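Notebook open, structure loaded. I want the overall picture, then a handful of residues looked up one by one.

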Amino acid sequence: MTAQRIIRMGNPILEQLADEILDPESDEIKALIADMIDSMHEADGVGLAAPQIGVSLRAVVFCTPPEPPETSDQEDEEEEGSPGAPGDPRRDVIRAQPITILINPEIETLDEEMELGIEGCLSVPGLCGPVPRYLRIRYTGIGTDGERIDRTVEGFHARVVQHECDHLDGILYPMRMEDISRLAYVDEIQLINEVDIEDTKVEQPQGLEA
Ligand code: NI
């Protein structure tokens with residue numbers, strides 16, 4: 001299988017409502033999924049949706065985030081919002097997790113609570129910004145062996161799934177931002193934070209790149 005070029009914001013395919021997959025167990029879909037996983041790995045991302053390689057079908061892949069700890073003190077909670085930072089060891093932890101393949105996914109929000117987290121996107125390279133997402137969701141879908149997937153998740157896991165499924169509905173994360181003025185270049189923020197002057201620290205670009 002082959003890593004494909006990841007298309008970027010401006011390509012009309014990213015704006016389309018992707019089509020349902022009629023035969024999730026077909027060889028054609030297995031080949032598509034293999035290409036998606038290779039493309040995600042080559043781009044060093046933690047998730048990818050089929051439209052990002054130019055195929056307007058309802059399939060996503062992502063590195064399954066590990067379960068959050070049962071109990072967490074304040075410090076853990078602070079860390080939980082920043083698992084995807086470039087150079088952050090937790091990003092490597094996520095990338096080492098098994099990959100979830102989800103065909104024809106559906107999301108059900110479990111309550112109205114949302115939280116802000118910094119996201120990036122392989123189709124919007126170099127940029128990042130804070131995006132509100134539902135904290136707790138249930139998602140369902142089909143795997144490539146025809147198995148039904150049904151999970152209730154929260155936090156970063158819920159965020160990844162919402163980001164990927166948005167791609168199937170033609171939505172890129174900047175369209176979800178409440179304050180577009182906070183869209184920023186990742187490397188510019190890193191440069192600012194290298195200058196060790198009081199009050200110049202900017203929130204690190206910590207979100208998923210997916
Ligand atoms: Ni994305």
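Patch rule first: I join residues with over 30% relative accessible area and no salt bridge, like charges within 9 Å and nonpolar side chains (Val, Leu, Ile, Met, Phe, Trp, Tyr) within 5 Å. A salt bridge here is a side-chain nitrogen of Lys or Arg within 4 Å of a carboxyl oxygen of Asp or Glu. Asp and Glu count as negative, Lys and Arg as positive, with His and the chain ends not counted. I place each charge at NZ of Lys, CZ of Arg, CG of Asp or CD of Glu. Areas are Shrake-Rupley with a 1.4 Å probe, and for residues only the protein chains shown count as cover.

Housekeeping: this is a predicted model, where local features need pLDDT of at least 70 and side-chain atom pairs pLDDT 80 or more, while totals for chains, interfaces and linings use all residues. Numbering runs from 1 along each chain as its sequence is written, and side-chain values use heavy atoms, with hydrogens and water left out.

**Entry 1, overall.** I find five helices and eight strands, taken as DSSP runs numbered from the N terminus (helices H or I, at least four residues; strands E, at least two). In sequence order they read α-β-β-α-α-β-β-β-β-β-α-β-α. Of 210 residues, 47% are buried (under 20% relative accessible area; exposed is over 50%, partly exposed in between; 1.4 Å probe, protein chains only). Looking at contacts (heavy atoms within 4.5 Å) between residues at least 6 apart in sequence, I get 71% joining residues at least 24 apart.

Asp23, Glu25, Asp27, Glu28, Asp145 and Glu147 make up a negative surface patch. Asp23 sits in the segment before α1 (27–42) and is partly exposed at 44% relative accessible area.

Which non-glycine residue has a positive phi of about 60 degrees? I get Asp44, in the loop between α1 and β1 (47–49), partly exposed at 36%. Asn104 is no glycine either, and its phi is positive at about 50 degrees. Asn104 lies in strand β3 (residues 99–109) and is buried at 12%.

Is Glu164 buried or exposed? Buried, with 0% relative accessibility; its place is helix α4 (residues 155–168). Beyond neighbours within four places in sequence, Glu164 contacts Gly47, Leu48, Ala49, Gln52, Val60, Val61 and Ala210. I also logged Glu164 to Pro105: 59 residues apart in sequence, 9.8 Å C-alpha to C-alpha.
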